[in-house]
Amino acid sequence: MATVTFSNNGESEEVENGADLKEVTKDAGWPIAYGCEDGMCGTCVIEVEEGQENLSAPTENEEQTLSIMGLEAGKTRLSCQCKVNGNCQIKSV
Ligand code: FES
């Protein structure tokens, strides 16, 4: 199990390891906007305040999209591309 915390409102969700972060945020009703859900549009950009190492590695689409946005995968991620492998704290930007 892992805990995902949404720092915008301080809420947390307990999830199974490997959970899809997009589904976690949608199920929790956290206000992260989604568009393509394929790492291409950049709509779902988030800041990972803690536990970057507990999210799956960035996908190729994600790295390309973040690069176009002038961002680097790491502290900044695309929520639709992340799997949760441990505790993390995220923030909508
Ligand atoms: S919804 Fe388009 S990149 Fe995540």
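The buried residues of helix 2 pack against strand 4 and strand 5, the latter spanning residues 76–78. The model described here is predicted.

Helix 2 itself comprises residues 60–68, and within it Glu62, Thr65 and Leu66 are buried. These residues lie on the same side of helix 2, because the arc they cover around the axis is only 95 degrees. Glu60, Ser67 and Ile68 are found on the other side of helix 2, where they are exposed. After helix 2 comes Gly70, which has a positive phi near 80 degrees.

When its neighbours within four places in sequence are left aside, Ser79 is in contact with Leu21, Lys22, Thr25, Ile32, Tyr34, Cys44 and Ile46.

Another loop, between helix 1 (21–28) and strand 4 (45–50), contains Glu37. The phi of Glu37 is near 60 degrees, which is a positive value in a residue other than glycine. Is Glu37 buried, exposed or partly exposed? The relative accessibility of Glu37 is 30%, and the partly exposed class lies between the buried limit of 20% and the exposed limit of 50%.

Definitions and conventions:
Residues are numbered from 1 along each chain as its sequence is written. This is a predicted model: local features need pLDDT of at least 70, side-chain atom pairs count only at pLDDT 80 or more; totals for chains, interfaces and linings use all residues. Side-chain values use heavy atoms; hydrogens and water are left out. Helices (H or I, at least four residues) and strands (E, at least two) are DSSP runs, numbered from the N terminus. Buried means under 20% relative accessible area, exposed over 50%, partly exposed in between (1.4 Å probe, protein chains only). The arc is that of the directions from the helix axis to the C-beta atoms. Contact means heavy atoms within 4.5 Å.
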